[in-house]
Amino acid sequence: MKTSILILLLFALSVFAETQYEIGEAGPLGNRVVRETSLKSPLSDIEDSLAALYHRNGYLMAVAVAEVDSLPNAIVRVRIDINPGPISVVEKYEIDGFPFELPSMEIKVGKPFIEKNLAKDMTKLVESLENRGFPFASVEIESLAIGPAEIDEIPVRIVLQIIQGDSVRIKQVIINDDLKTKVHVVERLMLLDLPELYSQRRIDKGIERIRDVGWLDVSGQPQLLLDETGFWLLRVPVSEG
């Protein structure tokens with residue numbers, strides 16, 4: 001009940017009063033970033049928003065404190081202090097099961113651990129495999145160990161596991177039987193040289209070329225089908241119009 005009353009009070013203050021922000025300790029991200037984040041957040045969410053901001057930038061133990069005071073003349077003063085804690089630093093980064101030379105990774109040993117960069121790396125690994133014959137590839141976090149915290153930094157150890165899935169070579173393109181357009185026209189527009197190793201990038205560009213001709217369209221994503229003889233077919237949902 002007390003928490004609900006406090007939230008309602010803060011909401012009322014944010015709506016009906018002028019709010020002044022005073023930055024005490026902004027931490028390494030600086031006053032401007034902290035102020036901009038505070039201005040975008042409701043009073044009741046400032047601490048969580050600022051802590052999340054620091055967590056995203058590698059300060060996993062960061063704590064934000066926002067003290068709210070009501071002053072005369074309908075003014076609300078918010079004093080903000082950040083305790084960032086030690087920076088998290090990548091101590092180990094392993095990628096198991098990747099069959100090719102690794103693309104350039106965002107996460108680097110000895111550099112701060114930025115969570116969004118790990119997501120970028122995982123996407124980049126999957127896309128690399130999708131363009132080299134592995135359309136069913138995925139990446140899993142095998143382990144993500146954080147700590148124990150030291151004086152100046154928090155060590156982070158990451159192991160990613162690659163699941164390749166089947167290697168796919170497209171033997172044939174198939175389209176709806178009721179079209180006037182012949183399948184070899186679609187293959188030529190897509191610049192496919194069948195049979196060829198699956199590449200998501202080449203397929204996407206091929207779809208763009210089909211749409212560019214003006215009298216054909218593609219509704220939805222092409223589908224891979226395995227026929228009874230074990231060959232892979234690419235069904236392209238082409239329509240005329």
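Reader: What do β10 and β11 form, and how many residues lie between them?

Author: In this predicted model, β10 and β11 form a hairpin, with five residues between the two strands. Gly230 sits in the turn and has a positive phi of about 95°.

Reader: What makes β10 and β11 a pair?

Author: Pairing takes at least two bridges. β10 and β11 have four, in the antiparallel sense. Leu226 stands opposite Trp232 in β11. By the cut-off of at least two bridges, β10 and β11 therefore pair.

Reader: In which sense does β7 pair with β11?

Author: Strand β7, residues 169-174, pairs with strand β11, residues 232-235, in the parallel sense. This pairing runs over four bridges. Ile170 stands opposite Trp232 in β11, and Gln172 stands opposite Leu233 in β11.

Reader: Which order do the strands of this open sheet take, and why are β8 and β10 said to stand at its edges?

Author: The order is β8-β7-β11-β10, with mixed pairing in a sheet of four strands. β8 (196-197) and β10 (223-226) each have a single partner strand, so one side of each lacks a neighbour in the sheet.

Reader: Which strands stand at the edges of the three-stranded sheet, and why?

Author: That open sheet has the order β4-β6-β5, again with mixed pairing. The twist averages 20° from one strand to the next.

Reader: What packs on this sheet, and which strands are touched?

Author: Helix α4, residues 115-130, packs there and touches β4, β5 and β6. The direction of α4 makes about 155° with that of β5.

Reader: How many bridges join β5 and β6?

Author: Eight bridges join them, and the sense is antiparallel. Leu144 stands opposite Ile158 in β6.

Reader: Which residues make the contact of α2 with α3?

Author: From α2 come Val33, Val34, Thr37 and Ser38. From α3 come Ile46, Ser49, Leu50, Leu53 and Tyr54. Six of the contact residues are nonpolar, three are polar and none is charged.

Reader: What is the phi of Leu191, and where does Leu191 lie?

Author: Leu191 has a positive phi of about 60°, although it is not a glycine. Most residues other than glycine have a negative phi. Leu191 lies in the loop between α5 and β8.

Reader: How does the radius of gyration of the chain stand against that of a compact globule?

Author: A compact globule of 241 residues would come near 18 Å, but the chain has 27 Å. The C-alpha trace spans about 80 × 45 × 35 Å along its principal axes. The secondary structure comes to six helices and twelve strands.

Conventions:
Residues are numbered from 1 along each chain as its sequence is written. This is a predicted model: local features need pLDDT of at least 70, side-chain atom pairs count only at pLDDT 80 or more; totals for chains, interfaces and linings use all residues. Side-chain values use heavy atoms; hydrogens and water are left out. Contact means heavy atoms within 4.5 Å. Ala, Val, Leu, Ile, Met, Phe, Trp, Tyr, Cys and Pro count as nonpolar, Asp, Glu, Lys and Arg as charged, and the others, Gly among them, as polar. The radius of gyration is taken over C-alpha atoms; the globule rule is 2.2 Å times the number of residues to the power 0.38. Axes are lines fitted to C-alpha atoms, for helices over the stretch in contact, and angles run from 0 to 180 degrees between N-to-C directions.
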